[in-house]
Amino acid sequence: MKKQKCIQEDAETKISPFDFLSEEIVFSILDYLEPNPFDRKSFSLVSKSFYSIESRHRKTLKPFPRTSNDHRHDQLKNLLKRYPSIIQLDLSLCPRITDSCLSYITNSCGKTLKSIDLSRSRFFTHVGLSNLVSNCVNLVDIDLSNAVHLNDTAAAAVASCRSLERLCLTRCKSLTDIGIGCIAVGCLNLRVLSLKWCLGVSDLGVALIGVKCKQIRSLDLSHLLITEKCLPSLLKLEYLEDLNLEGCCGINDESLVSLKQGWTSLKTLNMSYCENVTHVGISSLTNSASCLQNLNLSYGSLVNHPLSESLQKLSQLQSIRLDGCQVTNSGLKGIGNWCVSLKELSLSKCSGVTDDGLSCIVMKHTDLKKLDITCCRKITHVSIAHVTKSCGSLVSLKMESCTLVSSEAFFLIGQNCHFLEELDLTDNDIDDEGLKFISKCSELSVLKLGICLNISDEGLIFIGNGCPKLRELDLYRSIEITDRGISAVAHGCPMLEMINVSYCENITDSSLISLSNCSKLNTVECRGCPNITSLGLRAIAIRCKQMIKLDIKKCFNVNDSGMIPLAQFSHNLRQINLSYSSVTDVGLLYLSSLGCLQSLTILHMEGLTPVGLAAALLGCGGLMKVKLQSSFRNLLPRLVLEHLEARGCVFQWRDKVFQAELDPKCWKLQAEDVEEA
């Protein structure tokens, strides 16, 4: 007995080797674990010492409300108490942040806090903001996006934050020039400002920013009702590098012609959806922005020879987006004759792109890293041959719905594009032999093969054997795929994070069991797979602990027994679609224990009753969005709906009737008819 007691005492007094490590060394170890929160959590659970060190080391925090309203404040208090050194606080997953919450944050983090994100939060007022900026003296970054309830009084409160460098006010639609004027006068150190969709802001407010905020580097004015009146003031921003004028329809050729003095520092310009700007205005712009590196003219002017000539003046241009523009052959050839060498080119959904025009571009711009020719339906393997021969350094190639491209092109891609990391072949005429060639692109991390009706398991076996770095695989409506192909991918691609097998009707539970070996899997979309049952869901839930998104719409054989393992193991699940499944009130009540669940879609579920649904919704403490049949709108108690909305939950009511599935080939023909119309 004495001997046993001595052994026990020795064990208790035994010094752990970790005790000899200085805190600085342990902090360095934690720096390596930074990208993966699960690794950090495991580290903190090793011992009390590690728990304490991890608490002091953490500088960023993104809490999620796992409890009901009454306890959320206490939950936030406990988190801030545990992590005393927080510099960056992201509350975008917390829909309900009140003034009292902001008050506690200022008391806890007032000396250290530098950044706060309230982009999805509501229910705070100018009082809370005033308290925040007054006490957090080191605050340099505030995100108030989507705060439609905030007005000029709130802007005046923000304006007292003299040290502010980054401010995001996207969709703050109640703000006017008065509030923006307060910010312009008070926040003289602003470097990044977003006023996107601030529809109450006009030329006056923008001009005040140009006159007062001399340090601005990035300015987003997307969809503002501004005209040429504010542009002269913006020219005074001598450090401006990034300007976004997307959807500013009040800007026209005359506006740009008036710019005689240039933006000598401007590197990135977005003028997409500027319908009133033609090559005339673009020509004036290029004269005044000679240092431009990235230009977006999507869904705008006709891309013809005069436009391409005016763009040739941009000697430092590296990236250009012309998505949705009508292009001419002479315009594409003009781009091909530029002396500058582009790194990125996007012609997605451009009408008029031909083999001749595209070939001229890629033969000249041999340093291309990214090329997007989505829905350029006139091109064939001829231009793809030039792409693969000339642009051997491509890392991203998007060619969805290039339906005239033959199998020869896929051989050339596999033979010449060894650095490809992203390849989109959605709705292409590729077969298993084509996938055999594609599998030689061993660096692939994203592969999209949706609506590829000629591929089968044999092709996927090649991918599984040749692409070990694959993280995202899209097989949407590729109907010949079975469990055998998915098993090969799961075995050969252990890093897989996302897979879409929606409407692959031959997929069964066996596929999900195979995929459960991919421990990093976080997104599974298998809607319209009638052979999947709760058994397959159980395997995914138990072994894929990082699951965030699950879509099992029209998996008719999934029932309540599949919800039990999800509730037990999928503690990070944020989004689930259960529409048309056999889940009832019981299964939904199990899911309500998932504190992270944010989005719930439950349409056409016969097993749901108003009483059970109300109980489940009340139990989901973190819900932010629910899609429901309109028939439940009058059946759910009004007080329940008001309570959920007060917590920050948004209801989307749907009247969509039940639709039987079309044959995949008929579906594709129908989609093409709609597109042509």
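**Salt bridges**

I began with charged pairs and found that the structure holds 15 salt bridges. For a salt bridge I asked for a side-chain nitrogen of Lys or Arg within 4 Å of a carboxyl oxygen of Asp or Glu. Side chains of opposite charge can pair when their charged atoms come close.

A note to myself on the source: this is a predicted model, in which local features need pLDDT of at least 70, side-chain atom pairs count only at pLDDT 80 or more, and totals for chains, interfaces and linings use all residues. Residues are numbered from 1 along each chain as its sequence is written, and side-chain values use heavy atoms, with hydrogens and water left out.

I looked at Arg58 and saw that it forms a salt bridge with Glu54, with 3.0 Å between the closest N and O atoms. Both Arg58 and Glu54 are buried. I take buried as under 20% relative accessible area, exposed as over 50%, and partly exposed as in between (1.4 Å probe, protein chains only). I also noted a network of salt bridges that links Glu54, Arg58 and Arg82.

Next I checked Arg321, which pairs with Glu344 in a salt bridge whose closest N and O atoms are 3.7 Å apart. Arg321 lies in strand β11 (residues 319-321) and Glu344 in strand β12 (residues 344-346), so the pair ties together parts that are 23 residues apart in sequence. Helices (H or I, at least four residues) and strands (E, at least two) are DSSP runs, numbered from the N terminus. Arg321 counts as partly exposed at 28% relative accessibility, and Glu344 is partly exposed with a relative accessible area of 24%.

I then turned to Lys398 and Glu422, a salt bridge with its closest N and O atoms 4.0 Å apart. This pair links distant parts of the chain, with Lys398 in strand β14 (residues 396-398) and Glu422 in strand β15 (residues 422-424), 24 residues apart. Lys398 is partly exposed at 28% relative accessibility, and Glu422 is partly exposed with a relative accessible area of 24%.

**Nonpolar cores**

How many residues does the largest nonpolar core have? I read off 191, and those with the most contacts inside this core are Ile413 and Leu578. The rule for a core is a set of buried Ala, Val, Leu, Ile, Met, Phe, Trp, Tyr and Cys residues joined through side-chain atoms within 4.5 Å. A second, separate core of 6 residues includes Phe27, Leu30, Phe50 and Ile53.

Contact here means heavy atoms within 4.5 Å.

I moved on to helix α21 (residues 483-492), which is mostly covered, with 7 of its 10 residues buried. Among the buried ones are Ile486, Ala488 and Val489. What covers the buried residues of α21 includes α20 (457-466), β17, β18 (498-500) and α22 (509-515).

Strand β17 (residues 472-474) holds Leu473. Is Leu473 buried or exposed? I found Leu473 buried, at 0% relative accessibility. Leaving aside neighbours within four places in sequence, Leu473 is in contact with residues including Leu447, Leu449, Val489 and Met498. I also checked Leu473 against Gly250: they are 223 residues apart in sequence and 42 Å apart in space, C-alpha to C-alpha.

**Gln629**

I found Gln629 in strand β23 (residues 625-629). Gln629 counts as buried at 12% relative accessibility. Not counting residues up to four places away in sequence, Gln629 touches Ile602, Leu603, His604, Trp653, Arg654 and Lys656.

**Cysteines**

I searched for disulfides, meaning pairs of cysteine sulfur atoms within 2.5 Å, and the count came to 0. Cys101 is in no disulfide, and the nearest cysteine sulfur, that of Cys94, is 8.5 Å away. Cys101 is buried, with a relative accessible area of 8%. Cys136 is in no disulfide either, with the nearest cysteine sulfur, that of Cys109, 7.1 Å away. Cys136 counts as buried at 0% relative accessibility.
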